[in-house]
Amino acid sequence: MQNRPARNGQHGPVLLDDSRARFRLWAPDAQSVSLVIVGGDTLPMQANEDGWYSVEAEASAGTQYGFLIDDELQVPDPASRAQSADIHDPSILVDPDAYQWRNPQWQGRPWHETVLYELHVGTYGGYAGIERRLQALADLGVTAIELMPLAEFPGDRNWGYDGVLLYAPEASYGTPEQLKHLIDTAHGLGLMVFIDVVYNHFGPDGNYLHRYAKHFFRHDQQTPWGDGIDFRRREVRDFFIDNALMWLMEYRFDGLRMDAVHAIPDRTFLPELAERVRAEVEPGRHVHLVLENEDNRASLLGKDFTAQWNDDGHNVLHTLLTDESQGYYADYHRDATDKLIRFLGEGFVYQGHENRRGESRGEPSGHLSPTSFVLFLQNHDQTGNRAFGDRLIGLADPDALKAATTVLLLSPMIPLLFMGEEWGAREPFLFFTSHHGELADAVREGRRGEFAEFSEFADEQTRERIPDPNAVETFESSKPDFSKMANPEHREWLELYRQLLNIRHSEIVPRLEGSKFLGAQALGEAAALARWRLGDGSELRLELNLSEVDVQLSPASTNARLLHASRTTDSEASTLPARSAKMYLEAAQ
């Protein structure tokens, strides 16, 4: 092992050689800190400048340890690379170089080739369970899997957004080496692997930072989860940036999906994170940074960040497919056709426009490449945040859903599928946790209380039918039943997704770099014509009708080639049938 001195300010332990390590903790509010080696010594740590404590100790990979704060509270390392059991238990010293990569030459894939597949690791049976399904996903046409958050959370069932030890992969899913093996195996099949990271809050159980590093947070800024994180502090910024670099460099993830960055009030943090990543990743390697951002800050895209989840696109398609208008869908149900046109023709729906509360949000986006937007019909939020985890296949007309799937998989935006979507899985995806005691009660009642403003849940007895997030059966019922894939109904959906992804990879992806929006226009209520200029000068043309009646249109150009029609029709017809879509490709003149 090479001697690896710790970078000044680096969070977490560093192995100096096979038998010695340096341990560090930023604890500016502690009077004393000691290193506790499980089954060994308790060593006082030296107080350094700016609130840092450090000590070198005899320790090798696999050593369990913790920190004793003021001789009264033992805590795990907030930058623990692995936990011996759960979030309150000792941390494990890990050698980040121990894993021998089988595909070290992997450089990733260009962004325009991306077809994302979001999944929850626990419902697949951990890292090893996912490995068993990778070949099938690659054969389908998926080019990247996206794992919901892995940071250690309380218990062994959780969506992952309650993580508190951000450097430690969840122990119930497998070991760090098994995670690396999963990523390595995916790379061998040509699949990228993304991870969802949460840098806007910590979970409600197991976060000890308030005890010894109060200035990690700021009381003058509140988020939906409590005090905001104080990104003004160098130690805090480095904690998260180093975490991003760990996933990308040590685990060789191909990209990050950054959760709800609109809840990060410091507007300088994200550009710095992107700059540090671009500077430290090896030249020639494709690494992609993707945002979830309700603020629709188009100015972050195209340079610092690769793309953003397009909730606007999902929301307007969802309300047209289901006619739902409660909650945030109210912003999209009103003037839905106009919003459909703006989404298809410019990317974001809200580009400084006012919502139903008179609040404006967003920035102009029509100048961006369509590949700056990740489009989806379902994801963990849009399915799991429903009271009963309903999937879209049980909410929408099948023909209309096939038309929307044509938009998802053949538009120049980057498609994201949610686990099981491709074969029409009907198992719900519910909100689940494994909290205990008062916190479990609070989460259960809070979950049910979220739906009190919805008319169908106004009755308390109805709300009590909403599944308890902490019940084991809530988690178990959220697992896709892969044994059903061979059923005729599911085979039909799987074949549709396979067919469309084959068209995407053969006809669209080779032309996708340099693509541009050319705008969209209404064909009628819930119907639109959209056009995009592809990188080779050809034009992609979508005819979409999500209404219940046929609409009139001009015949396609004689130079246009029909790539796909969601319903069998005469391609020269002057009407577009109800609940249908057609995609044409016209060669450059």
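**Note on the predicted model**

1. Asp50 counts as exposed, because its relative accessibility is 54% (exposed means over 50% relative accessible area, buried under 20%, and partly exposed in between, with a 1.4 Å probe and protein chains only). Asp50 sits in the loop between strand 5 (46-47) and strand 6 (52-58), and although Asp50 is not a glycine, its phi is positive, at about 60 degrees.

2. On the basis of these remarks: this is a predicted model, in which local features need pLDDT of at least 70 and side-chain atom pairs count only at pLDDT 80 or more, while totals for chains, interfaces and linings use all residues. Residues are numbered from 1 along each chain as its sequence is written, and side-chain values use heavy atoms, with hydrogens and water left out.

3. Arg252 also has a positive phi of about 60 degrees without being a glycine, and its place is in the loop between helix 5 (234-250) and strand 17 (255-258). Arg252 counts as buried because its relative accessibility is 11%. As background, most residues other than glycine have a negative phi.

4. Turning to the overall fold, the protein has 15 helices and 30 strands (DSSP runs numbered from the N terminus, helices being H or I of at least four residues and strands E of at least two). The radius of gyration is 25 Å, which agrees with the value near 25 Å that a compact globule of 589 residues would have (taken over C-alpha atoms, the globule rule being 2.2 Å times the number of residues to the power 0.38). Along its principal axes, the C-alpha trace spans about 80 × 55 × 45 Å.

5. Buried residues make up 60% of the 589 residues. The largest nonpolar core has 155 residues, of which Phe23, Leu147, Phe240 and Phe253 touch the most other members (a nonpolar core is a set of buried Ala, Val, Leu, Ile, Met, Phe, Trp, Tyr and Cys residues joined through side-chain atoms within 4.5 Å). A second, separate core of 13 residues includes Trp106, Trp111, Phe194 and Val290.

6. Not counting residues up to four places away in sequence, Phe253 touches a set of residues including Leu147, Leu179, Phe194, Trp247 and Arg285 (contact means heavy atoms within 4.5 Å).

7. Thr474, in helix 14 (residues 472-476), is buried, with a relative accessible area of 3%. Leaving aside neighbours within four places in sequence, Thr474 is in contact with Leu430, Phe431, Phe432, Pro467, Asp468 and Pro469.
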